[in-house]
Amino acid sequence: MKNVVALLRDYFGMSQREARGLFVLLLFTGLLLLLPVVYRLWVPDQIPDTSEADRRQLDSLVALLEADKTGSEGRYENRPGRYEPAIASRKAERFAFDPNAIDAGSWQRLGAPRWLAERIVRYRSKGGRFRKKEDLLKIYDFSPDFYAELEPYIQLTTESPTDRPYEHRERYAAKEALDDRPFTARKPASISDRFSKPVLQPFDINTADTTDLKKLRGIGSKLAARIIKFREGLGGFVSTDQYTEVFGLDSLALEELTKYGRVQSPVKKLAINTATAEELDRHVYLSKRQAEIIVNYRTQHGPFTSPESLRNIRILDARTIERLKPYLEF
């Protein structure tokens, strides 16, 4: 031991006391390193004895975990946005069907996931109708590939009673015209004219109310309110092309609105240099995040001078700026 201490003192150039302390530290470290080896040599490994009851309990827990994992994967595949796995997991049938008549169960038989089938039925329950085969693609998340598979089997009825609310009156007028009873001369000259719908006139879409919109075919109270709400969020329509941005308009409603809804009044301008983030966020074409960034950029760099100056804000793409142009006031 004395030789080791002397060697440490000469090698490291330390005092006798420091050399002894280092020797003790090295000795203690070596013992700690050897302790696991000695423990494995002297203490044999013992495998715990598992009873039959414990094994059965472990097997049941493993089975429950596997069942829960399978259920979780099924729920994940059937979420909206994961359309393909949901269809692939079910053997789809093919048969002729009317999308305006079949229920959610029939849609699932065709291969649609449950959430999509319920969405279609809910759309119909709110007054929506499919007047052309392509109207199915207006349903959110309806896959074009799935539509291509179903298209040969779609059979739309040419006309339903709800499309001709005055049909019974027309039949009554025709019956009266053919009646040869003696008092036929006393009936009105034109019964069909009395019950005919008034001729619609074009109107200003930016000043129209829900009453004007409900006169159009395919537009009920909910769709009319939705159009008005979208118009208020815009500040007014600048083009009839914007009608396609209103959610829920099928081909018939869109055709009627384009035919009679004229853009005549000017839109409400948005003061881009004085509007707050909350005011900018109310516009349909801007999100809350975009509104906040516009205000922050304006505070740091000064007021905007033209739509082109908005291109410095990276979060605003060219399409968004182009859509905002008619509504901006500098």
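Author: Happy to! This is a predicted model. Let's begin with E151, which counts as partly exposed because its relative accessibility is 29%.

Reader: Which residue does E151 meet in a salt bridge?

Author: That would be K133: the two side chains meet with an N to O distance of 3.3 Å. K133 sits in the loop between α6 and α7, and E151 in the loop between α7 and α8, so the pair ties together parts that are 18 residues apart in sequence.

Reader: And is K133 buried, exposed or partly exposed?

Author: K133 counts as partly exposed, because its relative accessibility is 27%.

Reader: How many salt bridges are found in the whole structure?

Author: A search of the whole structure gives 11. One of them joins R217 and E256, with the closest N and O atoms 3.2 Å apart. R217 lies in the loop between α10 and α11 and E256 in helix α12, so this pair ties together parts that are 39 residues apart in sequence.

Reader: Are R217 and E256 buried or exposed?

Author: R217 is partly exposed, with a relative accessible area of 44%. E256 counts as buried, because 6% relative accessibility falls under the 20% cut-off.

Reader: Changing topic: which residues are linked in a network of salt bridges?

Author: E308, R311, E322 and K325 are. Within that group, the side chains of K325 and E322 meet at 3.4 Å, N to O. K325 has a relative accessible area of 29% and is partly exposed, and E322 is partly exposed too, at 45%.

Reader: Where is D98, and what is the nearest side chain of opposite charge?

Author: D98 is in the loop between α4 and α5. D98 is buried without a salt bridge, and the nearest side chain of opposite charge, R129, is 5.9 Å away. Leaving aside residues up to four places away in sequence, D98 touches Q155, L156 and T157.

Reader: Last one: which residues make the nonpolar surface patch?

Author: L34, V37, V38, Y39, L41, W42 and V43 make a patch of about 790 Å². L41 belongs to helix α2 and is exposed, with a relative accessible area of 69%.

Key. Residues are numbered from 1 along each chain as its sequence is written. This is a predicted model: local features need pLDDT of at least 70, side-chain atom pairs count only at pLDDT 80 or more; totals for chains, interfaces and linings use all residues. Side-chain values use heavy atoms; hydrogens and water are left out. Patches are made of residues with over 30% relative accessible area and no salt bridge: like charges are joined within 9 Å, nonpolar side chains (Val, Leu, Ile, Met, Phe, Trp, Tyr) within 5 Å. Accessible areas come from the Shrake-Rupley method with a 1.4 Å probe; for residues, only the protein chains shown count as cover. A salt bridge is a side-chain nitrogen of Lys or Arg within 4 Å of a carboxyl oxygen of Asp or Glu. Helices (H or I, at least four residues) and strands (E, at least two) are DSSP runs, numbered from the N terminus. Buried means under 20% relative accessible area, exposed over 50%, partly exposed in between (1.4 Å probe, protein chains only). Lys and Arg count as positive and Asp and Glu as negative; His and the chain ends are not counted. Contact means heavy atoms within 4.5 Å.
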